[in-house]
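Biologist: I have not looked at this model before, and I would like to learn how to read it. Could you take me through it one feature at a time?

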Amino acid sequence: MMGKGYKRLAQTIIISGLSVVIGYLINFFITPYITDNIGIDAYGFVSIANTTVTYATIITTALTAFVVRYISIAYHEGRKKDANKYFSSSLMACVILSVFIFAVMALVTLKLELFLNIPDRLVHSVKVLFILVYINFIITTVTTPYGAAAYIKNRLDITGMAKVIGHLCDAGVLLILFSLFKPEVWFVTIGKITTAVVLLLISKIVTVKLTPELKFKKEDVSFSIIKEMMGNGIWNSLNTLGNTLNSGLDLIIANLMLSGVATGQISVAKTIESMFTMLYQVVFQPFQPRLLKAYASGNKEVLRKELQNSMKICGLFSNIAFAGFFSLGALYFKLWLPSQDYVLLNSLTLATVAGSITAGVIQPVYYVNTLTVKTKIPCFLTIASGLLNIGSMYLLLKYTNLGAYAVVLTTVVIMTAINLTFNPIYSAKCLNESPVIFYSVIIRHLISAAVMSGAFLAIERLLQPTTWMGLIGNVAVMVPFGVIIHVIIMYPKEKIKQLVTRKSK
């Protein structure tokens, strides 16, 4: 029988996966509607607005990066009073910091046309869009401390269900707005705010029910605790700065150096990439409470096994997603956005999501830095790679004819190199382990990606789908094949025999 812990893990992945599917479907229907009725250049500003939030998170990450870790570890170690001090202090700080950032960005938004190339017909709508995006930012930031309860009790399945409810509310709000009113680009963010409010309310209820010891108390708010969290978190902020240089400025640069249409096309490609990222992040999230608990217990063997297992499972999902898009992407865009240059969109998207091959399997490895609170060296490397990325992007745009490809390829090449070299080596060093514990998984994962991509392409050539039903049918055939390929390559024969024996009983 599967252990209770793994049953809950599977349940959480399924529920969280459902939230990703619903989020994807919302984007699926909204994107062509906006591009056809408002313009693909308008759609580009949705991504630009969301990207600017990453600039704000450079500041808030210093606080939020370790909130859940500090609260959870103090709680697991029986220091309930300290846990509540972390909870109360972080909640107060999140409110103050996010409101301050909103005020600053609201002032910037008043003169937004001075910073971005915005068509006259979209100036008002884009400004409203930016203001709403930052209101959403306040809500999501304040929700962070309330997320600790689900981690402490390993009930991220509840969080996943909350996201499902939030996305359904998002879809309902969008349906009403686009049905009853003239289409506006900022309608999308009204739906996101609805989701954020639902998550905040449910997270508060979960905190009360699962961890009644965690209550906001003014007397527990401590500047020294906030300073402690931000002292370690500042390195995560610098890391976020590096990530912003790597992937958060590309749309801004495209807006300034390329056409509005090209920016919109890159935005569509990055929307697909964000779904990939969300997929393997959602898959990995249920492992985080287990890793926190294993690390807090000091059991290195359990931690090692949990890390390797989470890498294999995250890699399974990222490989299936990439191989599926590799084989069916051209048809997907032809059916989804027939009025756009779907050949170019497919090429741009494939170049963009190629990074997911390594990013998916490395996702759990990133978390080692958070577990061990060793983030200084990674953040310096991330900033350096980000500066290299921006410099390379600018030179390629100015002196070559690569156009939009220059924007997406620089990030993929640099991040893939880091994922294959620095990240596994440094994370192993943080754990006082050999890098072999990570490379033994990564090498097999890359083989799985190659074999799976070839197999999926062969299936597509054999079945030759031309419609949505044909595409869905192909996916239904490919996914089981992908799982089988990945399991055979990633797991030893003895483990596979054990799994088969369990299933047959």
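Modeller: Let us begin with the surface: the chain has an accessible surface of about 22,300 Å², and 68% of that area belongs to carbon and sulfur atoms. Please keep in mind throughout that this is a predicted model.

Biologist: What does the secondary structure of the chain come to, and how many residues does the chain have?

Modeller: The chain holds 21 helices and 0 strands. Its radius of gyration is 23 Å, close to the 23 Å that the globule rule gives for 505 residues, so the chain is as compact as a globular protein of that length. Along the principal axes, the C-alpha trace spans about 60 × 55 × 45 Å.

Biologist: What share of the residues counts as buried, and what share of the contacts comes from residues 24 or more positions apart?

Modeller: Of the 505 residues, 54% count as buried. Among contacts with a separation of 6 or more, 83% are between residues 24 or more positions apart.

Biologist: How is a pair of aromatic rings described, and how many aromatic pairs does the structure hold?

Modeller: In general, one gives the distance of the centres and the angle of the planes. Here there are 19 aromatic pairs. One of them joins Phe284 and Tyr367, with 5.6 Å from centre to centre and 75 degrees between the planes, which is edge-to-face. Because Phe284 lies in helix 11 (residues 260–284) and Tyr367 in helix 15 (residues 356–372), this pair ties together parts that are 83 residues apart in sequence. Both Phe284 and Tyr367 are buried.

Biologist: How are the rings of Tyr332 and Trp336 placed?

Modeller: Their centres are 5.3 Å apart and their planes stand at 45 degrees, so this pair is tilted. Tyr332 and Trp336 are 4 residues apart in helix 13 (residues 300–336), a separation of about one helical turn, and both are buried. They also belong to one aromatic cluster, which includes Phe28, Phe29, Phe276, Phe325, Phe333 and Trp468.

Biologist: Where does a charged side chain lie over a ring?

Modeller: Lys80 lies over the face of Tyr75, at 4.6 Å from the ring centre. The charged end of Lys398 sits over the ring of Tyr399, at 5.9 Å from the centre of that ring.

Biologist: How many salt bridges are there, and which helices does the one between Arg290 and Glu306 link?

Modeller: The count comes to 13 salt bridges. In the bridge between Arg290 and Glu306, the N to O distance is 2.9 Å. This pair links distant parts of the chain, with Arg290 in helix 12 (residues 287–297) and Glu306 in helix 13, 16 residues apart. To read their surroundings, use the cut-off that buried means under 20% relative accessible area: Arg290, at 16%, counts as buried, and Glu306 is buried at 8%.

Biologist: Are Glu301 and Arg304 buried or partly exposed?

Modeller: Glu301, at 38% relative accessibility, counts as partly exposed, and Arg304, at 22%, is partly exposed too. They form a salt bridge whose closest N and O atoms are 2.2 Å apart, and both lie in helix 13, 3 residues apart, about one turn of the helix.

Biologist: And what of Arg461 and Glu460?

Modeller: Their side chains meet in a salt bridge with an N to O distance of 3.7 Å. Arg461 counts as exposed at 56% relative accessibility, whereas Glu460 counts as buried at 17%. Elsewhere, salt bridges that share partners join Glu301, Arg304, Lys305 and Glu433 into one network.

Note on methods: Residues are numbered from 1 along each chain as its sequence is written. This is a predicted model: local features need pLDDT of at least 70, side-chain atom pairs count only at pLDDT 80 or more; totals for chains, interfaces and linings use all residues. Side-chain values use heavy atoms; hydrogens and water are left out. Rings of Phe, Tyr and Trp (its six-membered ring) pair if their centres lie within 6.5 Å; planes under 30 degrees apart count as stacked, over 60 as edge-to-face and the rest as tilted. Helices (H or I, at least four residues) and strands (E, at least two) are DSSP runs, numbered from the N terminus. Buried means under 20% relative accessible area, exposed over 50%, partly exposed in between (1.4 Å probe, protein chains only). A charge sits over a ring if NZ of Lys or CZ of Arg is within 6 Å of the ring centre and within 35 degrees of the ring normal. The radius of gyration is taken over C-alpha atoms; the globule rule is 2.2 Å times the number of residues to the power 0.38. Contact means heavy atoms within 4.5 Å. Accessible areas come from the Shrake-Rupley method with a 1.4 Å probe; for residues, only the protein chains shown count as cover. A salt bridge is a side-chain nitrogen of Lys or Arg within 4 Å of a carboxyl oxygen of Asp or Glu.
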